[in-house]
Amino acid sequence: MTALWKYALESKTVDAVFAVRKGVDLYDAQPILITDPRQLANTAGSLHCGTLLLPKLVKKYLDGVNGIKIGVTVKGCEAMGFYELAKRQQINLDNGVMIGVNCGGSVSPVLARKMIAEKYGVDPDTVHKEEIDKGQFIIEYEGGHKGISVDELEEDGCGRRSNCRRCRMNIPRQADLACGNWGVIGEKAGKATFVEVCSEKVQTFSPVRSGQGFSRPKLQTRRAWTSAGKSRAQCSSLARSGGSTTSKPSARARTGSGRS
Ligand SMILES: Cc1cc2nc3c(=O)[nH]c(=O)nc-3n(C[C@H](O)[C@H](O)[C@H](O)COP(=O)(O)OP(=O)(O)OC[C@H]3O[C@@H](n4cnc5c(N)ncnc54)[C@H](O)[C@@H]3O)c2cc1C
Ligand code: SF4
């Protein structure tokens, strides 16, 4: 994703990229507006304790994307937020490109610290990496690494936020691209990003247009994946059914010329 944003900035497809970077530690996800492609490296990587909702910030501090073209990285709930604000004519989606991350859930930073101290027996300040893989929340810290099943954590009142447990937007197909590690199989599993092209807008990205370096799945063909214990088909159908309540706004709403 970072490479795509770099291309988008360098080719002037967008004027700025609004993404998320690690702040003082990995529990501190910070929004950042980037115009210099060299700064994008700071935004690479997934912060599972990043519970930000960028649409509100875009509306409040970027004038609803009027007069500037921006690219935004979004989780499913953020894509939903953008469309709801666009329907209310508070954001101009015509000036935005959204790259979505597949998302199995995020953990409240306050609860994450408590969980790591109490369930893992590790000082949260010594943790330098976290990930969710094969249904486990895994931490790496000074002196080792440890994983505990997300199901077990959640039975004890820890783990993902309750809204994430009932989320139906795990694959953000309302965005222009949906990216994740689900769907990557074989020797590339864990090393490549699965990219789904979800709108015609990103045809202006030449790497997407040429298909260079991209998996180009037929959207109707689902491969099975096993991460987090669900199949991609299950997840896709969840995303689709969730999409019905937050469908893309009409052309009128998107241009800000109509009422929802
Ligand atoms: C909370 C979370 C949960 C995820 N769960 C899954 C999952 O279950 N299955 C799956 O297939 N993929 C999941 N992903 C996506 C996956 O981890 C990778 O982000 C994706 O594969 C793209 O990898 P990349 O190396 O191409 O992206 P990178 O080049 O590393 O870029 C990552 C992008 O994500 C942004 N980002 C990081 N943290 C956040 C955040 N908290 N909120 C919004 N944007 C953020 C960064 O700013 C950057 O733009 C999740 C991502 C997040 C943030
Ligand atoms: S699981 Fe759903 S609600 Fe939770 S952060 Fe991901 S997209 Fe948002």
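Mentor: Ala, Val, Leu, Ile, Met, Phe, Trp, Tyr, Cys and Pro count as nonpolar, Asp, Glu, Lys and Arg as charged, and the others, Gly among them, as polar. Keep in mind that this is a predicted model.

Trainee: How do the residues of the shell around ligand 1 divide into nonpolar, polar and charged?

Mentor: The shell has 13 nonpolar and 14 polar residues, plus 1 charged.

Trainee: Which of the 28 residues around ligand 1 come nearest?

Mentor: T2, A19, G50, G104 and G180 come nearest to ligand 1. Strands also contribute: β1 (16-22) and β8 (177-180) each give at least two residues to the shell.

Trainee: Next, the sheet. What is the order of the strands in the open sheet of 3 strands?

Mentor: The general idea comes before the case. In a regular strand the side chains alternate between the two faces of the sheet. Here the order is β5-β6-β7, and the pairing is antiparallel. β5 (127-133) and β7 (144-149) stand at the edges with a single partner strand each, so one side of each has no neighbour in the sheet. From one strand to the next the twist averages 15°.

Trainee: How many bridges join β5 to β6?

Mentor: β5 and β6 are joined by 6 bridges and run antiparallel. As an example, K129 has E140 in β6 as its bridge partner. The hairpin of these two strands has 2 residues between them, and K134 takes a positive phi near 45° there.

Trainee: Now a helix. Which residues of helix α4 are buried?

Mentor: Start with the geometry. An α-helix has 3.6 residues a turn, so residues three or four places apart point the same way. In α4 (residues 109-118), the buried residues are A112, M115 and I116. They cover an arc of only 95° around the axis, which puts them on the same side of α4.

Trainee: Which exposed residues does the face of α4 turned away from its buried side carry?

Mentor: That face carries V110 and E118.

Trainee: What covers the buried residues of α4?

Mentor: The cover includes β5, β6 and α5 (150-155).

Key
Residues numbered from 1 in each chain as written. Chains lettered and ligands numbered in written order. Predicted model: local features only at pLDDT ≥ 70, side-chain atom pairs only at ≥ 80, totals over all residues. Near = placed C-beta within 6 Å. Helix = DSSP H or I, 4+ residues; strand = E, 2+ residues; numbered from the N terminus. Pairing = 2+ DSSP bridges. Axes fitted to C-alpha atoms, helices over the stretch in contact; angles between N-to-C directions. Buried ≥ 20, exposed ≤ 12 C-beta atoms within 10 Å, placed from the backbone. Arc of directions from axis to C-beta. Contact = placed C-beta atoms within 7 Å.
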